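Here is a colleague's note on one model, written as numbered points. Please keep the structure open while reading.

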Amino acid sequence: MAKGDCIVVRYADDLVVGFESRAEAERFLEEFRERLAKFGLELHAEKTRLIEFGRFAVQNRKQRGKGKPETFTFSRLHTLLWEALEGWSLHRVA
């Protein structure tokens, strides 16, 4: 169970999970990998990653001396997700 708000968006065989905190996203990723392994499954290494996301991502990364946040395309719903999930940390699982 996540602490704070969580959102799950699924389309076909793709999944995006958003969390308020990076710590919760990291915990989910670890536990999800363990759960899949029990069934002999694994996440696609090139498609699975944690990204900083939301209206403060650019500002927060700039303060830490980092570049622009990563972007991603999610089953042609990219623009919709940017609008609907603004303020969330996202994790894409494929």
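**Salt bridges and the helix that carries them**

1. R27 and E31 form a salt bridge, with their closest N and O atoms 3.3 Å apart. The term salt bridge is used here for a side-chain nitrogen of Lys or Arg within 4 Å of a carboxyl oxygen of Asp or Glu. Both R27 and E31 belong to helix 1 and sit 4 residues apart, about one turn of the helix. Helices are DSSP runs (H or I, at least four residues), numbered from the N terminus.

2. On the source: this is a predicted model, in which local features need pLDDT of at least 70 and side-chain atom pairs count only at pLDDT 80 or more, while totals for chains, interfaces and linings use all residues. Residues are numbered from 1 along each chain as its sequence is written, and side-chain values use heavy atoms, leaving out hydrogens and water.

3. R27 also takes part in a salt bridge with E24, at 2.8 Å from N to O. E24 and R27 are 3 residues apart in helix 1, which puts about one helical turn between them.

4. R27 is partly exposed at 29%, and E31 is partly exposed at 41%. The cut-offs are under 20% relative accessible area for buried, over 50% for exposed, and in between for partly exposed (1.4 Å probe, protein chains only).

5. The structure holds 3 salt bridges. One of them joins E26 to R22, whose closest N and O atoms are 3.1 Å apart. E26 and R22 are 4 residues apart in helix 1, which spans residues 22–37, so about one helical turn separates them. Relative accessibility is 39% for E26 and 46% for R22; E26 is partly exposed, and R22 is partly exposed.

6. Helix 1 has 16 residues and reaches 23 Å from its first C-alpha to its last, close to the 22 Å expected at 1.5 Å a residue. The expected span is 1.5 Å times one less than the number of residues.

7. Which residues of helix 1 are buried? They are E24, A25, L29 and L36. Seen down the axis of helix 1, these buried residues fall within an arc of 135°, so they line one face of the helix. The arc is taken from the directions from the helix axis to the C-beta atoms. On the face turned away from the buried side, helix 1 carries the exposed residues E30 and A37.

Key: Helices (H or I, at least four residues) and strands (E, at least two) are DSSP runs, numbered from the N terminus.
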